[in-house]
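Here is a short report on salt bridges, the chain interface, the cores and a few backbone details. Keep the structure open while you read.

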Amino acid sequence: MTRVGVGLMLGLAGVMAGMAEAGVLVEVPGLWAGFAAGPAARVTGNFSHADLNDDGRADLLLEREAWIRGAGPGWTRKIPLPGGAETDAYDVDREGVLWVISGNRLSGWRLAAAEDGWEPATDEVSVDEPVTGREPALDFGCARRRFLYDLDGDDQDDLVTVTPRGVCWHRRQGAGFDAAGRVLTPLPEPQAVYTARGTLWPPGQRALCLPGFRFSAEVSVGADAILLVHGEESAAGMRWTTLRYPIFREGHSVKTGEGTRDTGPPLPPDAVPVWLDRDAGRPGFARVYREPDSSGIPGEAFAVCEVWEPGETSSRVFRRPAPSGAALYPPLADINRDGRLDVVLMTVGLARRGPRERAQELLTGNRLQVEVSVWFRQAGGYPREPSWQDNRTVYLDAPPIRQPRMLEAAARGQLASLHGDFNGDGRADLLLRERLDQVACYLCDEGGCARQPVFTVEVSPGEAVVPADINGDGLADVVRVPEPGGGPARVYLTEGNPQ
Amino acid sequence: MSLWLATVWLMAGAVFEAQEIPVDPGTPYEVTLADLDGSGKGGLAVSYPDRLVCYFGARSDQEATVPFPAGTLVFDIADLTEDGRPEVLALTGDHLYSTPVPVPGRAAESWTPLFAVSSDAVIRQAVPIPVPLVLRRSGQPAVAALVAGGRLRLYRPDGTETAAYPTGPEAPAKLSIGSPFVAVSIWPPQQGAAALEWRVSRHWTGIPVLPGDIPVGGPAEPPSREQLTGMARHGNPEVPETWPAFPLRSDGGSERVLFLYPADGTTDSLVRVRRVFQEAGRETVPRLSTARRYPGRVIPPADEPPDFNRDGWSDLLLWSADQPTYTVGTLTRTIARQTWPVRLSVHLFEPARNAFSAAPEWGVSLAVPLQWMLEALADRLPVRHLVCADFNGDGRMDIGLSEAPDRYQVWCSSPMGLRTEPSEMVILSAALEQLLYAMDLDRGGRTSLVFRTNRGLAVLRAR
């Protein structure tokens, strides 16, 4: 077996686990996945997919390796990525060519016919500015960044970058790209802000405070327009502006029209833009927070999700009891895959009872309640009452008074998710950590979730569990993310069953 | 002091004189301390979007109001004209204005535009914020120090520019945080199914290289108590470099106390001491003691480490959750009372043993709200507003804290050590939300406290 062929039929080494479904457990060193911060539930990680060998199956790209998918759910071999230590990032074009970036230099590589290495697909090409801009340092190595996009409609991916000058387009020219990028959309200039309050007294502690910059924007390049959303602090609150630049194509040239500006009403500073409807022209806004109890019962706080429709000054408030200590799950997710963000409030806590029953529960109890409330977004917004609600039980590894590890998991928001579609029916399913050492998957539909799990997976106590499609077959897998220094991630590859 | 006089003094409130200052409900405000009358003592100033209210001596009955010029970004209270009477200086997008701080009860004089300066690029926040604008350098007249056009410019009161220094990301910097430009691609896209998306961020702040007699505040605060306790929960027991630490000597220095909360289900702490021993003929080498276990969680100092016995060595403050005999009855009563028993203790450092004392020098039992205990499971303390300072001016360090939202208790030190009974408990009509200042307002060696409450401000002024 060759060096690159040490790629493993890792599935063979996997441990079979499960009830109704067969799956394989695979170690994937270097993989990490987790939920991104913010009100929108979004799994992030250092993995991506591309069909590198034109076999119609998505291969797995990590930070240093490509894992080639076989006929089954797993992979047949893994191949180190080309480019070496100088690589900043990479992307894959629609022809399966892997473009490696180092500063302003790009080189294209194609998977060799024997699938044991890489062959140059192009000569090295240079552009005038660094492609990736400055990015935060990565711990592991390079990572995939999306910068290839067919902007001029010639069925070839162009190079699209964001630099301090703005959104730049480098047209694909044969095997390379135009060296000079055309600025399609400028970025607003950052404004100065005094980030720290100064000390005026006592005299010995007076020190000048100099302003810094604080500017953030989200840039989206689509087929028809470039959208830029940015917020500015004001005395009344945060004002968000959406700039929309229409894209015009003439032959193989692309230019943008005059931007239209849409500035919304002032919002609380922790409200952030969310795209409530996919392909909408402007975003809505949302924030998530915990509201103190007003009942006088300690621990009876509320999880609150507040949503503003685009351009609206008043918000829709979703509220469910949620004791302090338990993490707030990101509540906005498109769980029925209709392109609209539904509201999913998941709360974890002890059953709400009287003082004596609560004391008994603290002393001898062994369970927490997970409450799920779902509001499906419709064309006109959200329904008044939840579309469905559900209660589940998770079992603690010790009574609450002894601070079991499951409470720690609850505090980190790792007990439940309604995010991954495990059976391919287009609806997210419930993944629930029922015990410290076991997660169970319940299939869900428009009316709620099944009472019997479709499969269960054993996990280690220190592992976090994240639903994510790792092998690119369109079905969510169960990623077991270890604690830092706890060995490689393990993935339970589901094989899907419309049942 | 005769017995009757002592009794009256105790009944009147031994330590603090409490005052509550209401603020405009629903209006954002900023609070700062300032020398309002040129006495060198600290007064209190509250800025609202449209005005500044000054409380001389931090007293609610000694008040004066100054309306801000329209578009005020930042303000300072200082003596720019050096006439012995402080002025309020307000910086707008195009001018620096000045007016004398009014006398209590009197109307403010009108604003004088000192000179034009362009600050258009500065974001106006909800409230004008306090920022030192007046710079006093040794042996030189006071100047206004303003950032305009990417440079720090020094102006005489008549607007004459005397010096300018480059600032910003392109200028030489002693320290900088953030990056002038970061673009990170986001996947999967949020807006369109096949869109390319980025998040662009231009966050940068820094300290430029300036002459040594121009003090510039750091862009980042030192780690807070919550951050240190978070580090103590997540540190690696085998790697002392990951343990949080505070100075072993009350006057600073390089020797450190390292602490860690072991993940064994207890509320104990592991403590190690790193000292530098002078040995004849050898280089000084820092040595790390073995880890010792203490029954409670180390409370890291908020700023200066506490030294209760004034021996120059920092002492250890611990909290522990008393674990009562758990029965349904005790827990039911706990839930009904909504409090949880907590114990605070002080362990003195024993240099000869190179360790803190095994037995506590001082301890007190408290009953804190259950909610605070729940929050203590994360990274907060189960008590609030803990201050170790000299409140009564006797030169010894005292302890003050809240064990309930509307009260503040103080345990004063005596020559025999900290008293076991509180020296004073102040009960307020509002809940104390945030300790803003613990400062010696009168410059008499007594620390006063300023809080933000749910209704306004509370000042516990040291007598």
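Arg396(B) and Asp394(B) join their side chains in a salt bridge, with N and O 3.4 Å apart. A salt bridge here is a side-chain nitrogen of Lys or Arg within 4 Å of a carboxyl oxygen of Asp or Glu. Arg396(B) is buried, at 18% relative accessible area, whereas Asp394(B) is partly exposed at 28%. Buried means under 20% relative accessible area, exposed over 50%, and partly exposed in between (1.4 Å probe, protein chains only).

The model is predicted: local features need pLDDT of at least 70, side-chain atom pairs count only at pLDDT 80 or more, and totals for chains, interfaces and linings use all residues. Residues are numbered from 1 along each chain as its sequence is written, chains are lettered from A and ligands numbered from 1 in the order in which they are written, and side-chain values use heavy atoms, with hydrogens and water left out.

**Salt bridges**

Over all chains, the search of the whole structure finds 41 salt bridges. Four of them are tabulated here.

| Pair | N to O distance |
|---|---|
| Arg396(B) and Asp394(B) | 3.4 Å |
| Arg57(A) and Asp55(A) | 3.4 Å |
| Asp76(B) and Arg206(A) | 2.6 Å |
| Arg199(B) and Glu218(A) | 3.4 Å |

Arg57(A) is partly exposed, at 29% relative accessible area. Asp76(B) and Arg206(A) are both buried. Chain A also holds a network of salt bridges that links Asp277(A), Glu309(A), Asp338(A), Arg340(A) and Arg377(A).

**The interface of chains A and B**

How many salt bridges does the rule find across the interface of chain B and chain A? It finds three. The contact takes 80 residues from chain B and 73 from chain A; contact means heavy atoms within 4.5 Å. Between them the chains bury about 7000 Å², 61% of it on carbon and sulfur atoms. That figure is the accessible area (1.4 Å probe) that two parts lose on being put together, summed over both. Gln191(B), Trp198(B) and Arg202(B) supply 12% of the area that chain B buries against chain A, more than any other three residues.

The rule also finds 21 residue pairs in polar contact across this interface, both residues at pLDDT 80 or more. A polar contact is a pair of N or O atoms within 3.5 Å; within protein, one must be able to donate a hydrogen and the other to accept it, and residues adjacent in sequence count only if both atoms are side-chain atoms. On the side of chain B that touches chain A, the largest share, 11 residues, comes from β16(B). Helices (H or I, at least four residues) and strands (E, at least two) are DSSP runs, numbered from the N terminus.

**Helix α3 of chain B**

Helix α3 of chain B covers residues 328-337, and its buried residues are Val328(B), Leu331(B), Thr332(B), Thr334(B) and Ile335(B). They line one face of the helix, because seen down the axis of α3(B) they fall within an arc of 160 degrees. The arc is that of the directions from the helix axis to the C-beta atoms. Exposed Ala336(B) and Arg337(B) sit on the face turned away from the buried side. The buried residues pack against α2 (355-364) of chain A, and against β24 (339-347) and α4 (370-376) of chain B. Just after the helix, Gln338(B) takes a positive phi of about 60 degrees.

**Nonpolar cores**

A nonpolar core is a set of buried Ala, Val, Leu, Ile, Met, Phe, Trp, Tyr and Cys residues joined through side-chain atoms within 4.5 Å. The largest has 33 residues; Trp319(B), Leu344(B) and Trp362(B) are among those with the most contacts inside it. Elements that give two or more residues to this core include α2 of chain A and α3 of chain B. A second, separate core of 29 residues includes Val344(A), Trp388(A), Leu436(A) and Ala440(A).

**Backbone details**

Which peptide bond is cis, from Trp187(B) to what residue? The partner is Pro188(B), with omega near 0 degrees. Pro188(B) lies in the loop between β15 and β16 of chain B. Another cis peptide bond joins Trp201(A) and Pro202(A), with omega about 0 degrees. Pro202(A) is placed in the loop between β20 and β21 of chain A.
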